[in-house]
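The following note comments on the model shown below.

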Amino acid sequence: MDIAALRTAHPDHWKKATAIRTLTLDAVAAANSGHSGMPMGMADVATVLFEKHLNFDPKTPDWPDRDRFILSAGHGSMLLYSLMYLTGYEDMPLQQIKDFRQWGARTAGHPEYGHARGIETTTGPLGQGIANSVGFAIAEEIQRATWGKKIVDHYTYVMAGDGCLMEGVSHEAIGLAGMQKLGHLIVFFDNNNITIDGTVDMADITDQPQRFEAAGWHVQSIDGHDPAAIDAAITAAKKDPRPSMIACKTHIALGHAAQDTSKGHGALTDKDQLKAAKEAYGAPMGDFEVDPDVKKQWEAIGARGETTRKDWEARFASLSATKQAEFNRTYAGEAPKKLSATIRALKKQVTEGLPKVATRKSSEMVLEVINPIMKETIGGSADLTGSNNTKTSDLGVFTPASRKGRYIYYGVREHGMAAAMNGMALHGGTKPYGGTFMCFTDYARGAMRLSALMGVPVTYVMTHDSIGLGEDGPTHQPVEHLAMLRATPNVNVIRPADTVETAEAWELALTSQKTPTVLSLTRQGLPTVRKDHKTKNLTAQGAYVLADAEGKRQAILLATGSEVSVALAARDLLEAEGIGTRVVSMPCWELFEEQDESYRKRVLPAGPVRVAIEAGIRFGWDRWLFGERGKREKSGFIGMHGFGASAPAERLFEEFGITAQDTADKVKSLIK
């Protein structure tokens, strides 16, 4: 690559792109850590995008109709940080660049959502950014159809590398995007042929442009260092009704001694090589130094967005006060005032009718009354709609021909679904939920973890939550998954016992602002255990006394979900023998942990024997059995100790010893 030719062919462009490269080199050198090569290679594409196409306003970074820029190749975070500093984001002064990867800095090693406005999503694990972008684009399509082009009409731009495209989730994402014809989604493929281990062909010979074409995308291949070609490709992409992939042939670590090598991917910290690169660039030689004229040019690019943003604000102001309020409510993530009353009415109806239904059906009953009053919900399932009960009659189906539809058939794409839902939530104005079998949280795990890490209130409807699903057998029967999810910080795992608790769980999920929710729901029918109507949301306390001892309290049974009815039946057996027994329903451990100690002490007082009942493994239960004033020698567990088996549910519960009689026997063995 002839650096001199690039400098002379487009000198003004070159200087602006060079500022990204030198800031990257200086920041990585100062940190002695980071990834230099990708920002250096993609600086030309970024410069053209920000200068000529991207609608953004650094002074108001989160205005709703901005274009979204997603750096899926998150290791190249200095590309984003440099752009933010150069264009004038208040959250990104030069000191943040100097503090790259240091404690307390907004400039984390990979972009972290919430650290600075302008970072649209967390993109550490490769593939997540491009998969998130599908959700961003879906949300944009639905809202454009709902509010009109004058209010919602923007693009989602993504930079992805070989690593993003090797990750399996990318296949799920591009297939869904192509099928849905998401024409406002544009992906730049950093085609530099280098990975950490060496050249790409050491591990992959996929023709990526053909792969995207096969998935229904508009594809172009260009020189990623030619600003005229980049500009023309973006212009063409915006005109095509399909999602677009622009394969940008680039040189990793352009202009550095490590150019076009695997070493160029990582931290380039050699002082002599850094000096030589700056000399080749014709750049200022000082550390973190940017030519003042170049900085002014970048700031002018950032300032350009103010006019676009104000034009949008004027259009928004022309809406009726009611529409403005509704739009602002959804973007604030606030539930409508009707929600609480709607949930209370359903709870009252259930306590009067006492239905015996699976909690997956209970969830559908709740959604039938919620979806009509919360137009921001977007539902879906990973090819299990009839099993997850996630589609209600009012939603309509989201397709290329019906953009107002709010239900998405994701196909067998659990991971892609979860990542897309993250994108929808991050886009704003939506409350996404999606379903699959509880066991397949394994497949969605990467994106579910990022829901928690970013603090986005996605709702995961996970049905078939135990051996109670029966004949499908151990491959489909989750035993360790509750423990896995409970071990994840900032997730509310709610396993409701009946329709009342399910309604309360949905209310909590839809009013959550910073925490995703997993609803663990049964396939098998469960009796209504909450027979007395209470307006208060008891599930919000995490655990509560469902039935107390009639005489002296000698035992406390703790249970979740389908095992709460087992606990109640065991209580009947024990009370008949004069053993006073309390039943505590524990639908959400995380919320119970948040209660003050005085409340937890009332629910779990010291003294009585404690037995937990859950059709999963014991891991985690000891916190409640002999923590919180309990004693090891006075505690027991009724549940799973290995994997399940294929048989009808009733037989499985008998064979694995998860019955009222087994529970009663365990209690009696512990009472001395």
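1. The buried residues of helix 14 pack against helix 6 (128-147) and helix 13 (305-317). Contact here means heavy atoms within 4.5 Å. Helices (H or I, at least four residues) and strands (E, at least two) are DSSP runs, numbered from the N terminus.

2. The model is predicted: local features need pLDDT of at least 70, side-chain atom pairs count only at pLDDT 80 or more, and totals for chains, interfaces and linings use all residues. Residues are numbered from 1 along each chain as its sequence is written, and side-chain values use heavy atoms, with hydrogens and water left out.

3. Helix 14 spans residues 321-331, and its buried residues are F327, R329 and T330. Buried denotes under 20% relative accessible area, exposed over 50%, and partly exposed in between (1.4 Å probe, protein chains only). Viewed down the axis of helix 14, the buried residues fall within an arc of 160°, so they line one face of the helix; the arc is that of the directions from the helix axis to the C-beta atoms. After helix 14 comes G333, with a positive phi near 70°.

4. An open sheet is formed by 5 strands in the order 12-14-13-15-16, with mixed pairing. Its edge strands, strand 12 (544-547) and strand 16 (635-640), each pair on one side only. From one strand to the next, the twist averages 25°. Two strands are taken to pair if DSSP finds at least two bridges between them.

5. Within this sheet, strand 13 (residues 553-559) and strand 14 (residues 580-585) pair in the parallel sense over 6 bridges. A555 has T581 of strand 14 as its bridge partner. Helix 27 (residues 660-670) packs on the sheet and touches strand 13, strand 15 (609-617) and strand 16. The direction of helix 27 makes about 145° with that of strand 15; axes are lines fitted to C-alpha atoms, for helices over the stretch in contact, and angles run from 0 to 180 degrees between N-to-C directions.

6. The chain contains 27 helices and 16 strands. Its radius of gyration is 28 Å, close to the 26 Å that the globule rule gives for 672 residues, so the chain is as compact as a globular protein of that length. The radius is taken over C-alpha atoms, and the rule is 2.2 Å times the number of residues to the power 0.38.

7. Of the 672 residues in the chain, 61% are buried. Among contacts with a separation of 6 or more, 78% come from residues 24 or more positions apart.
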